[in-house]
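Here are a few friendly notes to read alongside the model. Please keep the structure open and look up each residue as you go.

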Amino acid sequence: MYRDILDENLLQSALDLRLGRWFIFQQDNDPKHTAKITKEWLQDNSVNVLEWPSQSPDLNPTEHLWRDLKMAVHRRFPSNLMELEKCLFSSTSVQEKEPKSSSSMS
């Protein structure tokens, strides 16, 4: 299944983003990422993969951001979309990164 996701999306996304063939693909050591069929697909399609040490901490900053947002939402229990937006943008870390145009969403 993961190989199918790669097959249907990875190379086309690289083309759409104009990355050419010189991009480096990042994934962790989840079993589906290290499976023989996945490694063979990546090699057959000449995909450069970032080496990821086993038993490494989660170094993906996006994962940390999602965790922080999830905790902020959980603490406030928003009951509708407007409350959810207020909850997310009231967090100091999110507020500093909030695009200026998003103030028109409220």
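1. The lining of the largest pocket divides into 5 nonpolar, 5 polar and 3 charged residues. Here Ala, Val, Leu, Ile, Met, Phe, Trp, Tyr, Cys and Pro count as nonpolar, Asp, Glu, Lys and Arg as charged, and the others, Gly among them, as polar.

2. Before going on, a word about the source. This is a predicted model, where local features need pLDDT of at least 70, side-chain atom pairs count only at pLDDT 80 or more, and totals for chains, interfaces and linings use all residues. Residues are numbered from 1 along each chain as its sequence is written, and side-chain values use heavy atoms, with hydrogens and water left out.

3. Back to the largest pocket, which holds about 240 Å³ of space. On a 1 Å grid over the protein atoms alone, a pocket is an open set of points where a 1.4 Å probe fits, with protein on both sides within 12 Å along at least five of seven lines; lining residues have an atom within 4 Å of a point. The volume is the space filled by probe spheres set on the points. Of the 13 lining residues, Gln27, His33, Lys39, Val49 and Leu50 are the closest to the pocket's centre.

4. Which elements give two or more residues to this lining? They are α2 (31-34) and α3 (36-44), and α3 gives the most, with 3 residues. Helices (H or I, at least four residues) and strands (E, at least two) are DSSP runs, numbered from the N terminus.

5. Now step back to the whole chain. The protein has 6 helices and 2 strands, in the order α-β-α-α-β-α-α-α along the sequence. Of its 106 residues, 19% count as buried (buried means under 20% relative accessible area, exposed over 50%, partly exposed in between, with a 1.4 Å probe and protein chains only). Among contacts (heavy atoms within 4.5 Å) with a separation of 6 or more, 49% join residues 24 or more positions apart.

6. The largest nonpolar core has 9 residues: Tyr2, Leu6, Leu10, Ala14, Phe23, Phe25, Trp41, Leu42 and Val47. Such a core is a set of buried Ala, Val, Leu, Ile, Met, Phe, Trp, Tyr and Cys residues joined through side-chain atoms within 4.5 Å. Both α1 (2-16) and α3 supply at least two of its residues, and α1 gives the most, with 4.

7. Val49 belongs to strand β2 (residues 48-49) and touches Ile24, Phe25, Gln27 and Leu42, not counting residues up to four places away in sequence. Val49 and Phe25 are 24 residues apart in sequence, and their C-alpha atoms are 4.7 Å apart in space. Is Val49 buried or partly exposed? Val49 counts as partly exposed because its relative accessible area is 35%.

8. Finally, check two backbone angles. Most residues other than glycine have a negative phi. Arg18, in the loop between α1 and β1 (24-25), has a positive phi of about 60° although it is not a glycine. Ser46, in the loop between α3 and β2, also has a positive phi, of about 50°. Arg18 is exposed because its relative accessible area is 79%, while Ser46, at 49%, counts as partly exposed.
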